[in-house]
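Reader: Hi! Could you walk me through how the inside of this protein is put together?
Author: Happy to, let's take a look together.

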Amino acid sequence: MIELQHVSKTFETAGGRVDALKDVSLTIASGDIYGIIGMSGAGKSTLVRCINLLERPTSGSITVNGQKLTWMEQQADGKSCMRTVSPQELRQARKKISMIFQGFNLLMQRTCLKNVCFPMELSGVPKAQAEKKALELLDLVGLKEKASAYPAQLSGGQKQRVAIARALCMEPDVLCFDEPTSALDPELTGEVLRVIRQLAGRRTTMIVVTHEMAFARDVADRLIFMDGGVIVEQGDPRQVMDHPRMERTRQFLSRCANT
């Protein structure tokens with residue numbers, strides 16, 4: 001289970017303070033698939049990146065699988081401050097929280113097989129064992145025949161599928177997707193979404209920031225609509241999309257339907 005309580009994130013910029021998240025509370029049950037939609041700048045990516053502390057929240061508590069990653073603690077002067085786990089504890093926690101970005105982040109000098117092996121190498125998995133598992137994962141995403149290919153020889157959709165295979169290699173409890181298809185054309189988007197749909201059957205907890213409304217409707221167990229750093233609507237995807245309560249949600253969905 002993932003639990004966020006009163007999580008806020010403020011960025012200090014040259015133009016002043018930007019409140020990317022404002023007092024967000026959210027509970028995600030183990031095995032659920034959460035879709036997150038909203039306009040650009042709504043706080044979607046910041047929310048997902050806070051779950052494994054790629055972005056450190058300014059305040060609030062974050063618990064993943066029973067382990068507190070951040071929490072609020074009262075000081076002697078009565079004020080509250082946020083505490084975080086130690087760097088070593090965070091490294092261990094991150095092994096079970098994998099992130100898939102829109103930019104692939106593959107190592108260009110390594111083959112697909114070696115890219116998938118890389119996290120296992122860092123964790124000390126024996127080479128033969130790592131390669132066997134990497135081939136199984138490449139087969140899962142439909143790219144076993146590309147094991148010896150380099151990223152420069154792949155399409156965008158294939159690169160993203162390799163990134164998904166790499167994210168699965170440490171058997172994570174949580175998969176976070178940050179707009180995994182935003183850099184792809186429609187055909188390649190379909191390739192990646194088919195793999196994510198397939199993963200849905202494994203009942204791994206997944207949080208997917210997406211602009212693919214059909215995917216959000218058909219695959220997600222729950223759907224969140226964010227606006228201005230706040231969760232303004234959440235629930236069953238079909239209920240949220242067919243009967244939105246908020247005017248901003250209606251405007252957003254109408255805009256998506258017309259594009």
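Author: Helices (H or I, at least four residues) and strands (E, at least two) are DSSP runs, numbered from the N terminus. This is a predicted model, where local features need pLDDT of at least 70, side-chain atom pairs count only at pLDDT 80 or more, and totals for chains, interfaces and linings use all residues. Residues are numbered from 1 along each chain as its sequence is written, and side-chain values use heavy atoms, with hydrogens and water left out.
Reader: Which residues of H5 make the contact?
Author: Among them are Gly-156, Arg-161, Ile-164 and Leu-168, while H6 brings residues including Leu-188, Val-192 and Ile-196. Contact means heavy atoms within 4.5 Å.
Reader: New topic: how many residues has the largest nonpolar core?
Author: That core has 39 residues, and those with the most contacts inside it are Leu-138, Ile-164, Phe-177 and Met-206. A nonpolar core is a set of buried (under 20% relative accessible area, 1.4 Å probe, protein chains only) Ala, Val, Leu, Ile, Met, Phe, Trp, Tyr and Cys residues joined through side-chain atoms within 4.5 Å.
Reader: Where does the largest share of this core come from?
Author: From H6, with seven residues.
Reader: And what does Met-206 contact?
Author: Leaving aside neighbours within four places in sequence, Met-206 is in contact with residues including Tyr-34, Phe-177 and Ile-196.

Terms used
Buried means under 20% relative accessible area, exposed over 50%, partly exposed in between (1.4 Å probe, protein chains only).
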